Amino acid sequence: MTKTIYILNGPNLNLLGKRQPEIYGHETLEDVERMARDALAGGFDCRMMQSNWEGQIVDWIHEAREEACGIVINPGALTHTSVAVLDALNAFEGPVIEVHISNVHKRETFRHHSYVSLRADGVIAGLGLEGYAAAVRRVCSLAG
Ligand code: DQA
């Protein structure tokens, strides 16, 4: 049976390709999905989702408990603020990989702390969109 990986994207990532391209590049979320699909191992599929709403991200993580074998998540700014996203991830049993397009450690100090990292099995920052492909490969090997 095919195993599904949820790829969750938080606030403002719908603007990928238009927003601050000097930091996030010119490629879009559609490009992210294409790269993520290319990285899937046999027997795996993915569902790409984005919301600007914290509660929606929490609901998708709850849904993942039944529907997904692993989660790749770029929580956007919720990374640095959301205990609710952390709590939801703590209720998910499969592998979780946190992705940031930019190197958050090279940026403002408020971006250096991540609630999500307290749960994530791996953290990728600063690899651009390639970070999503690396995260998908890692979930496939952990959930395979
Ligand atoms: C981000 C980094 C966050 O600090 C920021 O709020 C984002 C995107 C990244 O992908 O580099 O929205 O998660």
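Colleague: What makes the space taken by the ligand a pocket?

Modeller: The space taken by the ligand is the largest pocket. A pocket is found on a 1 Å grid over the protein atoms alone, as an open set of points with protein on both sides within 12 Å along at least five of seven lines. A molecule is assigned to such a pocket if more than half of its atoms lie within 2 Å of its grid points. This is a predicted model, in which local features need pLDDT of at least 70 and side-chain atom pairs count only at pLDDT 80 or more, whereas totals for chains, interfaces and linings use all residues. Residues are numbered from 1 along each chain as its sequence is written, and side-chain values use heavy atoms, with hydrogens and water left out.

Colleague: Which residues are around the ligand?

Modeller: They are Arg19, Tyr24, Asn74, Gly76, Ala77, His80, His100, Ile101, Ser102, Val104 and Arg111. The criterion is a heavy atom within 4 Å of the molecule.

Colleague: How do the residues of this shell divide?

Modeller: The shell has four nonpolar, five polar and two charged residues. Here Ala, Val, Leu, Ile, Met, Phe, Trp, Tyr, Cys and Pro count as nonpolar, Asp, Glu, Lys and Arg as charged, and the others, Gly among them, as polar.

Colleague: Why is histidine 80 called buried?

Modeller: Its relative accessibility is 16%, and buried means under 20%, exposed over 50% and partly exposed in between (1.4 Å probe, protein chains only). Histidine 80 therefore counts as buried. This residue is in the loop between strand S3 (70-74) and H4; helices (H or I, at least four residues) and strands (E, at least two) are DSSP runs, numbered from the N terminus.

Colleague: Why is threonine 109 called exposed?

Modeller: Threonine 109 has a relative accessible area of 64%, so it is exposed. It belongs to the loop between strand S4 (96-100) and strand S5 (122-125). Its C-alpha lies 17 Å from that of valine 123, 14 residues away in sequence.

Colleague: What makes glutamate 54 and aspartate 87 partly exposed?

Modeller: Glutamate 54, in helix H3 (residues 54-67), has 34% relative accessibility and therefore counts as partly exposed. Aspartate 87, in helix H4 (residues 83-90), has a relative accessible area of 46%, which means that it is partly exposed.

Colleague: What is the phi of asparagine 12, and where is this residue placed?

Modeller: Phi of asparagine 12 is positive, about 75°, although the residue is not a glycine. Asparagine 12 is in the loop between strand S1 (3-9) and helix H1 (21-24). Glutamine 20, in the loop between S1 and H1, likewise has a positive phi, near 35°, and is not a glycine.

Definitions and conventions:
1 Å grid on protein atoms, 1.4 Å probe; cavity = no way out; pocket = protein on both sides within 12 Å on 5 of 7 lines; lining within 4 Å.
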